[in-house]
Amino acid sequence: MVDLSVTLAGVPLTSCVYNASGPRTGSSAAMSKIAKSASGGVLAKSATIASQKGNDLPRTWHEDNGKASLNSEGLPNSGIDYYIDPKTISETMGESPTKPYMVSISGKNIADNLQMLQKISSTIESGSVNIAAVELNLACPNIVGKPTIGYDFEQMEDVMKQVASLPCFSGSKPLFPLGVKMPPYFDRPHFEMAAAILNKYKHIVSYAASINTIGNALAIDFHAEMPVIRAKGGFAGLSGAAVKYTALANVKQMRELLDNSIDVVGVGGVQTGRDAFEMILCGAIAVQVGTCHWTEGPGCFDRICDELKTIMKDKGYGTIEDFRGKLKEWSKEGVALSRQMKKASKQSSTSGDTHLKTSNNNSTLIIAILFAIIAVLLADKLNIVNL
């Protein structure tokens, strides 16, 4: 029996795979489809203080081969009051009350983030809603004129200090688990500086979701000789399969550097059960799916979960903890095993193709014989030949 359930930041998830904030999360109607799927929970759209429409269209783009996507949405959302409203949460979760509902915030400045955290605190304290966790976006690159907090370590330190001063985090135990959405890092010193800040505030930070999109990517419309994205001169966040390897490296390094009390959530380029398996192998306790959910719809959660279960069963793993964070060091023995497995897979494929070819040949022969018999019978009936 394979079990995909995990506990993220003290919050039980029915599956380690759930949605990233962003695509198909702007309304209760869209989020209710996530709740009905195999997703382990529901994470709402990153909210601002007031509702906003976002950047001008077109602001998204998908490469034809499905390997990459761009977005410069500018955080279109319905405002924080909508996402913490009991009606919205009820319409979202419907018949899935056992799954957690989580909120994401991405204010235009620290004052906005503090105000939204206070709104969430008041709502939770009122007892009118069940908000399982809050994710603070430190990584959004798509707001014109605003820096990415996660790359400005002085600003990041100030943000975390002010957040920690709020009443909801000043007690012996935070009122709710707080996660942070991190940008991708590329240099070891940057990983170390970011992790040091999060570790300093480990009493309030429960998990780090890594990574957000890779900022300032550019795709060109070859025929029109212009960017495919309208806003910001065409510069946008890169996502999809193209960012998977950067995401894996970020998950691995953040897991190595963060305090064990801070969980790591892997996000970026997850399209298959194998992608999810690799994220967990690098140390992620859970995996978020964004672009694939965007292009495929909520059915992706069922497929990815089924694929992950098959992989775990084939490898003899019963739970996520059986292999989480257990990426092995490179070795000659590992290379030999990999070659052996690839060879066996190739032989199995060749054998299947040969069997299929033989079956097709036999079918062709049988059909030819049948046609011959029918032709002779028709000829006899029409007195063309006498049998």
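Hi everyone, let me begin with a term: helices (H or I, at least four residues) and strands (E, at least two) are DSSP runs, numbered from the N terminus. One example of a place named this way is Lys232, which lies in the loop between strand 13 (226-227) and strand 14 (236-239).

Now, two words on the source. This is a predicted model, where local features need pLDDT of at least 70 and side-chain atom pairs count only at pLDDT 80 or more, while totals for chains, interfaces and linings use all residues. Residues are numbered from 1 along each chain as its sequence is written, and side-chain values use heavy atoms, with hydrogens and water left out.

Let's take the overall picture. The chain has 12 helices and 16 strands, and its C-alpha trace spans about 100 × 50 × 50 Å along the principal axes. There are 387 residues, and 49% of them count as buried. Here buried means under 20% relative accessible area, exposed means over 50%, and partly exposed is in between, using a 1.4 Å probe and protein chains only. Contact means heavy atoms within 4.5 Å. Among contacts between residues at least 6 apart in sequence, 71% join residues at least 24 apart.

On to the sheet. How many strands form it, and in what order? It is an open sheet of 8 strands, in the order 3-16-15-10-9-8-7-4, and the pairing is parallel. Two strands pair if DSSP finds at least two bridges between them. Strand 3 (17-19) and strand 4 stand at the edges with a single partner strand each, so one side of each has no neighbour in the sheet. From one strand to the next, the twist averages 25 degrees. For such angles, axes are lines fitted to C-alpha atoms, for helices over the stretch in contact, and angles run from 0 to 180 degrees between N-to-C directions.

Let's look inside that sheet. Strand 10 pairs with strand 15 (residues 263-267) in the parallel sense, over 4 bridges. One of the partners to look for is Asp263 in strand 15, which bridges to Tyr207. Helix 8 (residues 244-257) packs on the sheet, where it touches strand 9 (178-182), strand 10 and strand 15, and its direction makes about 175 degrees with that of strand 15.

Next, the backbone details. Which peptide bonds are cis? One runs from Leu57 to Pro58, with omega near -5 degrees, and Pro58 lies in the loop between strand 4 (42-47) and strand 5 (60-62). Another joins Ser210 and Ile211, with omega about 20 degrees. Ile211 is in the loop between strand 10 (205-210) and strand 11 (214-217).

Staying with strand 11, Asn216 is placed there. Asn216 has phi near 60 degrees, a positive value in a residue other than glycine. Is Asn216 buried or exposed? Asn216 is exposed, at 59% relative accessible area. Back to Lys232: phi is near 55 degrees, again positive in a residue other than glycine. Lys232 counts as partly exposed, with 28% relative accessibility.

Ser28 is buried, with a relative accessible area of 8%. Which residues does Ser28 touch? Leaving out residues up to four places away in sequence, Ser28 touches Tyr82, Thr88, Glu91 and Thr92.
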